[in-house]
There are 4 protein chains.
Amino acid sequence: MPKRKDDLTSDIGWSTPDRISVRGLDLPSEILGHMNLGDMAFLLTAHRRPTPEESTVFNAIVVTLVEHGITPSAMAARLTYMGAPEALQAAVAAGLCGLGTVFVGSMEGAAKMLYEALPEPASGDADLDGIADRTVADFAARGQIVPGLGHPLHKPVDPRTPRLFQIAAENGKSGAYVDLIQRIQVRAEERRGKPLPINATGAIGAICCEFGFPWQIVRGFGVMARAIGLVGHLLEERTDPIAFELWQRTEEEILKNNGPAAKSAKP
Amino acid sequence: MPKRKDDLTSDIGWSTPDRISVRGLDLPSEILGHMNLGDMAFLLTAHRRPTPEESTVFNAIVVTLVEHGITPSAMAARLTYMGAPEALQAAVAAGLCGLGTVFVGSMEGAAKMLYEALPEPASGDADLDGIADRTVADFAARGQIVPGLGHPLHKPVDPRTPRLFQIAAENGKSGAYVDLIQRIQVRAEERRGKPLPINATGAIGAICCEFGFPWQIVRGFGVMARAIGLVGHLLEERTDPIAFELWQRTEEEILKNNGPAAKSAKP
Amino acid sequence: MPKRKDDLTSDIGWSTPDRISVRGLDLPSEILGHMNLGDMAFLLTAHRRPTPEESTVFNAIVVTLVEHGITPSAMAARLTYMGAPEALQAAVAAGLCGLGTVFVGSMEGAAKMLYEALPEPASGDADLDGIADRTVADFAARGQIVPGLGHPLHKPVDPRTPRLFQIAAENGKSGAYVDLIQRIQVRAEERRGKPLPINATGAIGAICCEFGFPWQIVRGFGVMARAIGLVGHLLEERTDPIAFELWQRTEEEILKNNGPAAKSAKP
Amino acid sequence: MPKRKDDLTSDIGWSTPDRISVRGLDLPSEILGHMNLGDMAFLLTAHRRPTPEESTVFNAIVVTLVEHGITPSAMAARLTYMGAPEALQAAVAAGLCGLGTVFVGSMEGAAKMLYEALPEPASGDADLDGIADRTVADFAARGQIVPGLGHPLHKPVDPRTPRLFQIAAENGKSGAYVDLIQRIQVRAEERRGKPLPINATGAIGAICCEFGFPWQIVRGFGVMARAIGLVGHLLEERTDPIAFELWQRTEEEILKNNGPAAKSAKP
């Protein structure tokens, strides 16, 4: 439990009648027209403007996380919108609630693994192969899967990963962590004897380490990006809905399988 | 209630083992590295790439909506995070739930008012002054305030508004709707006899009309942008919390005002 | 926008080291063991203990609202739980977010209609037939359906309605409002020429009027009751899940209908 | 990740035109008028009717969890309602989102601890003192606090605990788990050298073990109960709001501490 404090403080920003300041920048004159939405997200999480190179890489990361088709999250948002179309914000909220350990968890898991394996990336003489070996062995010993590797659909390669690594490399964000996760992949594939592509969340986890973002924040990038994707789904649901049909089919099937007719049919 | 449909469909995108498509574009090769986060939001709401000019204006709109200091929404998110720090996504969701008619409602209200006043913006010979007159008179007759005008803090000018209109003008998005809301402001100020600045939500509502976005979508821009801002608040809450202090103060004050001592003090 | 106030106050309750008071009652000695969960809900909404008769009727109302099978709300909760099983509270929250105008709206709509039609129920000489006529005519003139009538599945009778009216009658809660909604039903059926059963939300709306609950509160009964039902769904999802299958089927169908194969098949 | 399944099934219930069944009981004739809201919650979590004694104990448990004054959860709900009064369900959802590990976590933690310490409660000859010793020692060795003990306000006794244990004892639900947590308390107090009262969540955790509820469900009781309490808070917020004042005070204080005046005052 936190301690009491005398004063409430926040460094995020403030407003006076004629000024609005966000993280030390004047919103109208220094942000609007100068920074895109990804840059604004960077400002609020890194607490400074991105360089042009950082802007390119960071925008690529969050753009990757915006949209994944008809996910459980998108379905939950659409089913919610059906019941409360007057409260679009609540439908987005419902969709976000499911971004927990099962889906976005692998992104923060990958970043955490890499930071714990390599706390001091700057020292150039780390034995990355040895570290990769130990990391994979440790996960195996604990009976855990290595986060950020493998994908049920995208194999043998997740098409987002080489592109993200390329953008990172072209913009000075491909260092020891990107190197390390690739070595971890090789060891993990050897040990498991099957392809284990670095998936998008693994690639993003590694690049977040290159930026130095704490692993505890990484889930936040997924959450903010997915909010954008969910708005897209709700706009489509508004004009071309699927939620009602999903509901009716499900109800009918369960009535068939568990309703009175089903029970009487059982011997 | 919607009708049944034989097939579930969605035009948002699809994935195969080696491809990911979003609104007809190949995510790795055509989106990543080419589009920033605001462009991606545009793609998912307008269903096409923005032009460079549109990208500048649209990014300015959504960037404006990201952060507003310690709003009720930010407070709700921080109080939620205090109880469930393991579920950052749920704290963002809690913060979004309050983006209803009171705060973001004025943005969609402004867009709706403008579309209803001027359904056909292309015809250059509309009598905008006459339309402004009638619009202000209609709201007054219904006892409603004109949406998008006035601000409790930012007066006589909301500093975001002239900057947004400047960016719109420099990029070909300052047409009849931006013109009309300014005439509406003049009429409303005459009628009320006090300054009624076009606030940021009014400016954004007008510019959204220039883009042709349906007014029902406009709230979605506020929701997606605020998700980014809320993540920023939760990161600060993680290292420099205010929620616990807020809670303790409130509980103490209510105990003082309504607890057993208060009751016995009453005559 | 509300006004500032000097003191924060709340009459709900307070705690001291050795006492906990809720709405003026001592929780350990006056509530625990003496009041059931529905009585506690009554205490917090009516601000007094229910009589035994009120307890019976009020519990019947909220019990009716707990569970409705695989609703969109239950599906949203289950899909959310799949992604974040560590945050059961967020899955319940997601399920509640959709309890808006489409589903629970008819309950508050029925109560509002009845209060507006009969603001003074005590005067025994109201012309209920005349009021019913005018009410039905007014809704028809506005092109609106009468709230609380009709059900897609339960016809010609919603089996909950006669039972709720029976419980209300046996416990002194069947007065002018229950009478009025039945007369409204008769007029509406005559006008439409088809059976329009009073559905459960209509019956509950009318009984809430007998209690004198403001119509704006009525949605709250649906929300609290459904929270219980959603916990039941999530416990089943934990051991016998359906969300994953729902997701996979939907994704596959949309890939078939909108994926690359579908596009190339079109002439 | 779960496996695919051919058929969607649910044992919760089903509806036909003239029948509604919940967990095998006919809703109108077997539930309405016969079961109170707590009994309905029991039916949906234990999958059978409670006995009269079980009804008394279970209702006492959930009633205890309904209301805790101005908690962070209640504050979040009220702040949300202020922005979206048209979506009461979303305000309740926001309040629920924070019921995570920090607050309701101790309830499931206590139940989990007791089940792990005593997997077979039926065998009467367990050495409960030895088990209590080992349990307290294990938590101390891991540097963890014992869940369910201690309270920041209610000391030396949480007034809910003796009453809950009394109700449990009078109704045949005070067995080995209630015994064990009391022995754990004694050992923990000896080790820590200060009073560590069994708090309400500890008492409830132990009684849930007497019922045999899986510890993973226990949080659900807190969530469903709090939904009722939150509706009570929102009804008060509707007529006697505090959220606006909370917001204004906070914003003013942060402007004073972090705004432009504060910065220029620093040397």
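Predicted model: local features only at pLDDT ≥ 70, side-chain atom pairs only at ≥ 80, totals over all residues.
## D:Leu37

D:Leu37 lies in helix H2 of chain D, which spans residues 37–46. Its relative accessibility is 0%, so D:Leu37 counts as buried; the cut-off for buried is under 20%.

Contacts of D:Leu37 reach into chain C. Residues up to four places away in sequence are not counted here. D:Leu246 is 209 residues from D:Leu37 in sequence. The C-alpha to C-alpha distance between D:Leu37 and D:Leu246 is 34 Å.

## B:Thr45

B:Thr45 sits in helix H2 of chain B, residues 37–46. B:Thr45 has a relative accessible area of 6% and is therefore buried.

Neighbours within four places in sequence are again left aside. B:Thr45 then contacts A:Val231 and A:Leu235 from chain A. In chain B, B:Thr45 is in contact with B:Phe58, B:Phe213, B:Ile217, B:Phe221 and B:Met224.

## The sheet in chain D

Chain D holds an open sheet of three strands, in the order S1-S2-S3. The pairing is antiparallel. Strands S1 (13–16) and S3 (25–26) of chain D stand at the edges. Each has a single partner strand, so one side of each has no neighbour in the sheet.

S1(D) and S2(D), the latter covering residues 19–22, run antiparallel and are joined by four bridges. Across this pair, D:Thr16 stands opposite D:Arg19 in S2(D).

Technical notes. Residues numbered from 1 in each chain as written. Chains lettered and ligands numbered in written order. Heavy atoms only, no water. Helix = DSSP H or I, 4+ residues; strand = E, 2+ residues; numbered from the N terminus. Buried < 20%, exposed > 50% of the residue type's maximum accessible area, 1.4 Å probe, protein only. Contact = heavy atoms within 4.5 Å. Pairing = 2+ DSSP bridges.
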